[in-house]
Structures are given as C-alpha cells and as structure tokens.
Amino acid sequence: MPEENRVMSGIRAVLNGKGETHIAKKKHLSKMMLLIGFILLMTMFVAALCIGPDGIMSPIDAFSNLFSAIGKGGTDMTNDEVRVYSSRMPRAIAAIAVGLGLSIAGAGYQAVIRNPLVDPYIMGVSSGAGTFAIASIAYGFTFFGLVSAHSPFLIAASAIVGGLLAFVATMVLAHMAGASTNAYVLSGVVIGLIFGAIQTVMILFSGHAVSNTMLWLFGSFSQITMRETLCVLIPAVILSVFIMRYSKELNLVLLGDDQARQMGLNVKRFNAMILILSSVLAAFCVAFCGIIGFVGLIIPHLCRMIFGGDHRIVLPASIAFGGAIMIGADLLARMIMPGLELPVGSITTLIGVPVFAYLLYKRGKIYNG
C-alpha cells in the first residue's frame, strides 16, 4: 500500500474508531469533533491577536508583543504591544466569553422549555437589557441616584437589571398562562414587544445620543476594556460550568416531567434554577457588549445536529463553536470595511442564518433534539 494511502487510512481509523461498536464509534467521533471545535476556537483566538485593521502580525510577533506587554504590567508599551495587549486581546477574550455564555444560556432555555425557538432574545432578556441600557446611555438613568452617573459600570448594571426584570415578567406571564411550552414562547414575545416599543420611543427622543444607543443595540466589542472583559468572562465561565454540571439532569428533562420525577429529579426546582442561571448568564453577556442575536438560538441547534441530543457533549461543543463563531464575527466586523466597524450582531445573523438553513435542509430529517 502506498505511504499516502496508509496515512489516510490511519486518519480515517482515528476519526471513526476502527474496531469499535456502532455506539462506541459515535461517541468516538463526537469526541473527535469536539476536539476539532476547541482547536478551531484556539485558532480563531490566535487569528484575532494577529489580525486587525491597523495591521497584520505573525503569531510569533503577536505573542512576543503580548508577553512583553504583560511583563511590563501594561505600562510603557510600544505601539505593537498596545495593539495586541490593550485592543486585540480584550476583544478576543470578550468574544469568547459572550459566545460561550449566550450558547450555554440558549441550550439551557431550549432544554428546560423543550422548545427549539427560545433563546435570550425570545425570552425577553435582551429586550429588557436594551431598554434599561438606553435609559442610561441617552437619559442618564442612575437608578434614582444609587449608581454614580460617571461609573463605568452604569450601563452594564442597567442592562443586567433590565434583562432580569424582563425575564421575571416573562416567567410570571407564562405561569399565569399555564406554564406550557407555547406559553413561555408567547410570553417572551409579548414582553419583548413591550420593551421593544419602549425602546423605540426612547430612541426617538434621544437626540444626539441616538448613535450611541444604536451601536449598543446592535452589539459591539469596539469599546471594551480588559477590566470590562473580566467582568464578562468570570461570570460567564462560572455560570457555564455550573450549568454543565447538570448535563445529565438536562437529558432527563428532555424525556418529560413524569419520567424525570421517576428518576428522582425535582423538576420544578431544577427548571427554575436553570432558567434563572441562564437568564443571569445572558444578562452578563449583553451587559458590556450590547445585544448580539443568533448565537443563543442557532449554536445549540448546530451542536445537536452534529453531536446528537446528549447535553454532556452539546454544552462543551456550544462553548467551543459559540466562542469560535463570535471571534470570527468580530474579525469580520473589523476587517470587512476598512475604516468602518460594522455591528457584530448583524454579522452573526448574516453568517449564521444561511449556515443554519443549509444544515437544517441537509440534516433536518435526522435532527433529534
């Protein structure tokens, strides 16, 4: 056998799990695809450090400048060090945090409510966050003086509070309507429409602040600092890991409430916990970067299409692919039109919807989750 054929046969054996049963092969392939997803995430992170509208560096130069800036404690940096350390690295880390956070939140919503249409936007979290953020950006709302008007966290705090209030309103309305799957979706739509109408009126009278409000509503990483990045990253990682601990319980919930109870799960308490954690996670993700659509809805679907419905694989895969796609969207937002940065939320939608439509067309018949 030629050397090239032996190499290709070896690669196929590694990917397919040669000599294993069908179930073992499927698990093996899922693990390999998961590994590929995390490799893709790391590749996109390196690309984000190397590429920018102000120039392109080699990976060696990018990491050399990064480590040099870290060694200096972020002071007395050269221009290249500033570009990598102060601009590109915070954006890349923030994109990963938001991508994984929204993806995990969307997966949690969809599993508990058992509806493929729900995500942070449908549940009203994004709309509520946007309304309160606009109130702070355009009108200087400070929660009646409880937060300083000059605080760098005013907008983020407003977004978090607004998102959680909208979520509570959605839950109350859904339970009043019977707490069915459709009730959650319809309640989220109603609450979202209410906050959307309030947003429209506020923007109409916002005057000179309209550009800032629109930039926030469409999502952007352009103004994020390392301190703000950490404020997104730490809660996103902690909450995502906590939700991932309950992967088996999420699998039980998909079987139905009765069967989950028979397996010893307190369904009502568990569902409430996951919904609250997912909402807090989504609120932190949009707090500093604005509303970024598509990710929380589509990424969990893509992962289920590729890996099946087991949340022990779906949730880690959502982290990898959500972070990678978000970094890619941010790179396109910076590079597609030199001198003008596009909203990240628009990029994610323009990229994601056609991809999802194609996968749904190709694999929709075997989609099981």
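Q: What is the volume of the largest pocket, and which residues are the closest to its centre?
A: In this predicted model, the largest pocket has a volume of about 460 Å³. A total of 22 residues line the largest pocket. The closest to its centre are I137, I155, W216, Q223 and F288.

Q: Which helices each supply at least two residues of the lining of the largest pocket?
A: The lining of the largest pocket divides into 12 nonpolar, 9 polar and 1 charged residues. The helices that each supply at least two residues of this lining are α5 (125-139), α6 (154-176), α8 (210-218) and α12 (267-289).

Q: Which residues lie nearest the centre of the second largest pocket?
A: The second largest pocket has a volume of about 390 Å³. Its lining comprises 18 residues. By class, these are 10 nonpolar, 4 polar and 4 charged. Nearest the centre of the second largest pocket lie V112, H175, A179, Y184 and N271.

Q: Which helix gives the largest share of the lining of the second largest pocket?
A: Helices α4 (79-113), α6, α7 (181-204), α11 (257-262) and α12 each supply at least two residues of the lining. The largest share amounts to 6 residues, and the helix that provides them is α12.

Q: How many cavities of 30 Å³ or more are counted, and how much space lies in the largest cavity?
A: Rolling a probe the size of a water molecule over the atoms shows where empty space is left. For this chain the count comes to 1 cavity of 30 Å³ or more. The space in the largest cavity is about 50 Å³.

Q: Is G163 buried or exposed?
A: G163 has its place in helix α6. Residues under 20% relative accessible area count as buried. The relative accessibility of G163 is 0%, so G163 is buried.

Q: What is the C-alpha separation of G163 and V125?
A: Not counting residues up to four places away in sequence, G163 touches V125, G128 and A129. G163 and V125 are 38 residues apart along the chain. Their C-alpha atoms are separated by 4.2 Å.

Q: Which residues does L66 touch, not counting those up to four places away in sequence?
A: L66 is placed in helix α3 (residues 59-71). Because its relative accessibility is 5%, L66 counts as buried. L66 and V84 are 18 residues apart in sequence, with a C-alpha to C-alpha distance of 5.9 Å. The residues that L66 touches are L49, V84, Y85 and M89.

Q: What is the phi of D76?
A: Most residues other than glycine have a negative phi. D76 is found in the loop between α3 and α4, and D76 counts as exposed because its relative accessibility is 72%. Phi of D76 is a positive value in a residue other than glycine, near 50°.

Q: How many disulfides are counted?
A: C50 counts as buried, with 5% relative accessibility, whereas C231 is partly exposed, with a relative accessible area of 26%. A pair of cysteine sulfur atoms must lie within 2.5 Å to be a disulfide. By this rule the number of disulfides is 0.

Q: What percentage of the contacts with a separation of 6 or more come from residues 24 or more positions apart?
A: Contact here means heavy atoms within 4.5 Å. Among contacts in the chain with a separation of 6 or more, the part from residues 24 or more positions apart is 72%.

Key
Residues numbered from 1 in each chain as written. Predicted model: local features only at pLDDT ≥ 70, side-chain atom pairs only at ≥ 80, totals over all residues. Heavy atoms only, no water. 1 Å grid on protein atoms, 1.4 Å probe; cavity = no way out; pocket = protein on both sides within 12 Å on 5 of 7 lines; lining within 4 Å. Points joined across faces, edges and corners; volume = space filled by probe spheres on them. Helix = DSSP H or I, 4+ residues; strand = E, 2+ residues; numbered from the N terminus. Nonpolar A, V, L, I, M, F, W, Y, C, P; charged D, E, K, R; others polar. Buried < 20%, exposed > 50% of the residue type's maximum accessible area, 1.4 Å probe, protein only.
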